[in-house]
2 protein chains.
Amino acid sequence: MVQQLKKYIQDSIDVSADELDVILQYFKPLTTKKNELLLHNGESSQRTFFVGKGCLRIFFINEDGQEATRYFAFENQLATALTSFITGEPSLEFIQSVEHSDILYISHRDFHNLLKEVPQWEKFYRLYLEFAYVNNTKRLQSFITMDALERYKNLLHKNPAIVRRLPNKMVASYLGISQETLSRLKSKI
Amino acid sequence: MVQQLKKYIQDSIDVSADELDVILQYFKPLTTKKNELLLHNGESSQRTFFVGKGCLRIFFINEDGQEATRYFAFENQLATALTSFITGEPSLEFIQSVEHSDILYISHRDFHNLLKEVPQWEKFYRLYLEFAYVNNTKRLQSFITMDALERYKNLLHKNPAIVRRLPNKMVASYLGISQETLSRLKSKI
């Protein structure tokens, strides 16, 4: 798993072997159970997670009491409740391990230590923020500019693993539709 | 206006006088007319703007053909169609000068030159991305968790200049409501 993270970092920034060691020592392993919550809403998001194996889900509860999923992170992806990680304020989002997962995590404090210790970590964080910003905006735009069928087709095209690996309930919560509507869309394609 | 930008940069990062000169030389002045469009949707966002005087608006057209405003930038704030600025893809957003404005702008190319020339520019950009991410997420959450009256009260509390300075039409497009609904909310408070 550490090898995966090593590759992920080296694919994104130029770091010396020594700097890479400094970075990696801050990441701690964690094994989670299926459906385990790693962050409840109302708590401050103090960890960023790297998925070695499994899947994490970031979601919140909307005004109708329904779960709305913002993001799924599979193998070799980072995940956190980013707004709270940035501001330190209580998170509106939950983080859940939807499969039995092997994870590496870094604490908020160590993440910010790295910004001082390894100059390239600024770039690493910047690239992560760019990705997160673009991803969130495209999610929002998809709700504004596409109907449910278009969103489903788009998901099949861009991220088929979500449909293939995860239960209908979670796919529906990502598309902002009911499970019944999802079944109907599936039968149309 | 250059003094304002200088202060804005110095408030955000530690830079030497020489580095500050390098940064400032990349910014060019621009004077805009009321309602002038600085970016059309479909174009790639190639400039980031700093408002010296006036106001810029970032908006898009939603599926009903209505203008939906994502962001207003007043004096001493940055603005761009950030997703397109990051990806280079055609923008879904427009940038409009809603008042006669005095602006400084930096091109995408020069912005990225600065990332190589001034190490602290990474941090400057990172702080801008953090702000933009948090701002966008809170906007989205306000639509999910608040009704129109709550959103209006929240706006009066957090950003009264929007209500005070701008025409009702634009305030309504920011709150995602009609002008009639906005008038009704105003009469309630």
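Predicted model: local features only at pLDDT ≥ 70, side-chain atom pairs only at ≥ 80, totals over all residues.
A:M170 touches A:R57, A:T69 and A:V98 when residues up to four places away in sequence are not counted.

**A methionine and its helix**

The residue A:M170 belongs to helix α8 of chain A, which runs over residues 168-175. Because 20 or more C-beta neighbours within 10 Å make a residue buried, A:M170, with 20 such neighbours inside 10 Å, counts as buried. One of its contacts, A:T69, lies 101 residues apart from A:M170 along the chain, yet the C-alpha atoms of the two are separated by 7.5 Å.

The helix as a whole is mostly covered, since six of the eight residues of α8(A) are buried; these are A:M170, A:V171, A:A172, A:S173, A:Y174 and A:L175. Just after α8(A) comes A:G176, where phi takes a positive value of about 70°.

**A sheet in chain B**

In chain B, four strands form an open sheet in the order β2-β7-β4-β5, with antiparallel pairing. Strands β2 (36-39) and β5 (67-73) of chain B stand at the edges and have a single partner strand each, so one side of each is left without a neighbour in the sheet. From one strand to the next, the twist averages 30°. Within this sheet, strand β4 (residues 56-61) of chain B pairs with strand β7 (residues 94-97) of chain B in the antiparallel sense over four bridges, and B:R57 has B:Q96 of β7(B) as its bridge partner. Helix α8 (residues 168-175) of chain B packs on the sheet, where this helix touches β4 and β5 of chain B and its direction makes about 100° with that of β5(B).

**A sheet in chain A**

Chain A holds an open sheet of four strands in the order β1-β8-β3-β6, with antiparallel pairing. Here the edges are taken by β1 and β6 (78-79) of chain A, each with a single partner strand, so one side of each is left without a neighbour in the sheet. Strand β1(A) pairs with strand β8 (residues 101-107) of chain A in the antiparallel sense over five bridges, and within that pairing A:L30 has A:I103 of β8(A) as its bridge partner. Helix α4 (residues 108-117) of chain A packs on the sheet by touching β3 (47-53) and β8 of chain A, and the direction of this helix makes about 60° with that of β8(A).

**Two asparagines in loops**

A:N35 is found in the loop between β1 (28-32) and β2 (36-39) of chain A, and B:N35 in the loop between β1 (28-32) and β2 of chain B.

| Residue | Phi | C-beta neighbours inside 10 Å | Class |
|---|---|---|---|
| A:N35 | near 70° | 11 | exposed |
| B:N35 | near 70° | 11 | exposed |

**The nonpolar core**

The largest nonpolar core has 88 residues, and those with the most contacts inside this core are A:A79 and B:A79. Leaving aside neighbours within four places in sequence, A:A79 is in contact with A:F49, A:V51, A:L56, A:I58, A:Y71, A:A73 and A:I95.

**How the chains meet**

The contact between the chains takes 23 residues from chain B and 23 residues from chain A. On the side of chain B that touches chain A, α3 (82-87) and α5 (120-145) of chain B each supply at least two residues, and α5(B) gives the most, with 15 residues. By class, that side of chain B has 11 nonpolar, seven polar and five charged residues.

A rotation of 180°, with 0.0 Å of shift along its axis, superposes chain B on chain A with an RMSD of 0.0 Å, and the two copies are thus related as by a two-fold rotation axis. Of the interface residues of chain B, 100% are also interface residues in chain A, so the copies meet through the same surface.

Notes:
Residues numbered from 1 in each chain as written. Chains lettered and ligands numbered in written order. Pairing = 2+ DSSP bridges. Axes fitted to C-alpha atoms, helices over the stretch in contact; angles between N-to-C directions. Contact = placed C-beta atoms within 7 Å. Nonpolar A, V, L, I, M, F, W, Y, C, P; charged D, E, K, R; others polar. Least-squares fit on C-alpha atoms with pLDDT ≥ 70 in both. Core = buried A, V, L, I, M, F, W, Y, C linked by C-beta atoms within 7 Å. Buried ≥ 20, exposed ≤ 12 C-beta atoms within 10 Å, placed from the backbone.
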